[in-house]
Amino acid sequence: MPAIASLKEILEDIYVEPGEDARRLARRYGYLEYMVERYIRILGSSAEDLLEAIEDQSILKPVARCNNLRIDCKRLEERLRNLGFEVRRLEWSREAIEILRTPGSPTPGSTHEYLKGYYYLHRDSSPLIPPLNMDLGVGDSVLDTCAAPGGKTTYIAQLTGDKGLVVANDISLDRIRSLVSNIARMGFKSIAVTRGDARRIKEVVGRKFNRILVDAPCSAEGYIMIDPGRKRRTDQKSLAALVRRQIEILASAIEILEPGGILVYSTCSIAPEENEYVVSRVLDIYDDEIFLREPSLSIWSRGIEDLWIKRISPEVRRCIRTWPHIHKTGGSFTCVIGRR
Amino acid sequence: MRDREEIRRYKEKLLGILSRAYKRTEIIKCIPQRFKITCNLYPGICIVTAIESEIDLKYMYAGSPVGIIINGEIYPYPGLLQEIYRCTGDTRSAVEAGSQGVKAYLYGNDLLVASVEKIYRPFRRGDIVGVIDPSDRRVIGVGRALLDPREILRAKAMGRDTEAAVENIFDLGWFLRVLKPVAEEY
């Protein structure tokens, strides 16, 4: 494994000093000041739109991702309507049924259809973006390095027709229990679950893959609306530690990406430190071995090159961002990395 | 993972349960050959899975569930019964539940006499039966018959509606009930 930047070096690269506007908005919305300073630097006058959007938990519309290997999606849509759900199909994923309104009972996670494995319940549509950009085909072998609780893993199994091999790794036993229950509930047979540290994924899986998903553990800064405690949880030093771990995980996965292979890096964060910066640092490390690919499905915003953070690669414009105030979803990041 | 001898023993027991309703030759072709047992995930149960081919890495869990082991006894997994009914083209040793019965069963309750809507013979008191939701013909659980088919019909005729007909051993709501909540995916 190549040497990864030290915590001190990362902190120096990402550090930002809050200005007066950031202090004022941070007080009003209850954030750490540096967080708001970043939003102002990235979004300018739209920063407050973002802060307002995050205040509204109802912008997140749950998505029932139909398990088309078990049920016809039109039939599922009909069954959900009959139960009193107001739903609509998303145009960009043929399996996604967005839930606009739920009846008092049952909840989307307690219907018989759910227990029978006819769908996976996502908080919103953003988690569908990374698997859809992996260019998957029936029978592919895929590694998901941080897989639990399995939303993306089971989607990958669907997109590969449940005919290849999906290796789903996670470090936490509690989360693996959730992962296995989702796999068993939905009836997938092509998934193998491993337990190990994604920073040393080569030791865990012992082979190379042509398709890899790194859905890195993150600050969840894109989903503050469901956990407002995150407005003040991650200071810049803790963020630097998270970033270092993300670089380690991503670099470890690149080590086992086959030539010509595709790796998708994703987070549920809008923090550029965890996104554009992590990808740029890894581009630095692997220099001419890897490059950022144009995503095959991109109807969202793009990665940001013009940042206060040092060492950002211009290639990050190829990455995908979702923003709560623009796309009415959680904030997320997806970047497609190719290996030469 | 368990050793081969233990896996062979459980597989034989599973075939024994299924052979009460089907000829061994009928079901053997419906059951995959490679079994694995995973025991360290959930309290009190082991999951027996079938894998189609060997996987060249060390894993905790793989394949599709065919059985569950509770207190050392193996029971067919609902998905396996579903596959056997499909593969043989013949549903045996099962009951269909009414909509209230389906709901109650998925919450871990026994199936009451009043909720048995259709009986698929043969089975006797004490046998393992599949519980089917007629709305989509899905097997929603496995249970132990507490009454013979004839006794169920008699109990129905006598209005003994609240008497349990099938004891709930495992149902598709089980995972949801035992899992500690973990952060949902963002």
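Mentor: Let's begin with a term: a salt bridge is a side-chain nitrogen of Lys or Arg within 4 Å of a carboxyl oxygen of Asp or Glu. Please also keep in mind that this is a predicted model.

Trainee: Okay, how many salt bridges does the structure hold over all chains?
Mentor: Over all chains there are 49 salt bridges. One of them pairs the side chains of Arg41(A) and Glu37(A), at 2.8 Å from N to O.

Trainee: Where do Arg41(A) and Glu37(A) sit in their helix?
Mentor: They are in helix α3 of chain A, residues 33-43. Because Arg41(A) and Glu37(A) are four residues apart there, about one helical turn separates them.

Trainee: Now the two chains. How many residues does each one bring to the contact?
Mentor: Chain B brings 36 residues and chain A brings 45 residues. Between the two chains, about 3,500 Å² is buried, and carbon and sulfur atoms give 59% of that area.

Trainee: And how many salt bridges cross the interface of chain B and chain A?
Mentor: Four salt bridges are found across that interface. Among the salt bridges in the model is one between the side chains of Asp133(B) and Lys116(A), with 2.5 Å from N to O. Chain B and chain A also have nine residue pairs in polar contact, counting pairs with both residues at pLDDT 80 or more.

Trainee: Which elements of chain B give two or more residues to the side that touches chain A?
Mentor: In chain B they are β1 (34-42), β3 (61-62), β4 (64-70), α4 (99-106), β10 (138-145) and α6 (174-178). By class, that side of chain B has 21 nonpolar, five polar and 10 charged residues.

Trainee: You mentioned β3(B). Which strand of chain A is joined to β3(B)?
Mentor: That is strand β7 of chain A, residues 191-195, which runs antiparallel to β3(B) and is joined to it by two bridges. For a pair to look at, Ala192(A) has Ala62(B) as its bridge partner in β3(B).

Trainee: Let's switch to chain B by itself. What domains does the assignment give?
Mentor: Domain 1 of chain B covers 4-88, and domain 2 covers 94-177. Their C-alpha centres lie 22 Å apart. In the contact between these domains, 16 residues come from domain 1 and 18 residues from domain 2.

Trainee: How much area do those two domains bury between them?
Mentor: About 1,400 Å², with 75% of it on carbon and sulfur atoms. On the domain 1 side, Tyr75(B), Pro78(B) and Gln82(B) lose the most area to domain 2, together 34% of what that side buries.

Trainee: What about charged and polar pairs between the domains?
Mentor: Domain 1 and domain 2 of chain B have one salt bridge between them. They also have three residue pairs in polar contact, with both residues at pLDDT 80 or more. The elements giving two or more residues to the domain 1 side are β2 (45-51), β4, β5 (73-76) and α3 (78-88) of chain B. Of these, α3(B) gives the most, with four residues. The residues on that side divide into 14 nonpolar, one polar and one charged.

Trainee: New topic: sheets! In what order do the six strands of the open sheet in chain B come?
Mentor: The order is β7-β11-β10-β9-β6-β8, with mixed pairing. At the edges stand β7 (111-112) and β8 (116-120) of chain B, each with a single partner strand, so one side of each has no neighbour in the sheet.

Trainee: And how many bridges join β9 to β10 in chain B?
Mentor: Six bridges join β9(B), residues 128-133, to β10(B), and the two strands run antiparallel. Within this pair, Ile128(B) stands opposite Arg144(B) of β10(B).

Notes:
Residues numbered from 1 in each chain as written. Chains lettered and ligands numbered in written order. Predicted model: local features only at pLDDT ≥ 70, side-chain atom pairs only at ≥ 80, totals over all residues. Heavy atoms only, no water. Contact = heavy atoms within 4.5 Å. Buried area = accessible area lost by both parts, 1.4 Å probe. Polar contact = N/O pair within 3.5 Å; in protein donor to acceptor, adjacent residues only side chain to side chain. Nonpolar A, V, L, I, M, F, W, Y, C, P; charged D, E, K, R; others polar. Pairing = 2+ DSSP bridges. Domains from an automatic or database assignment.
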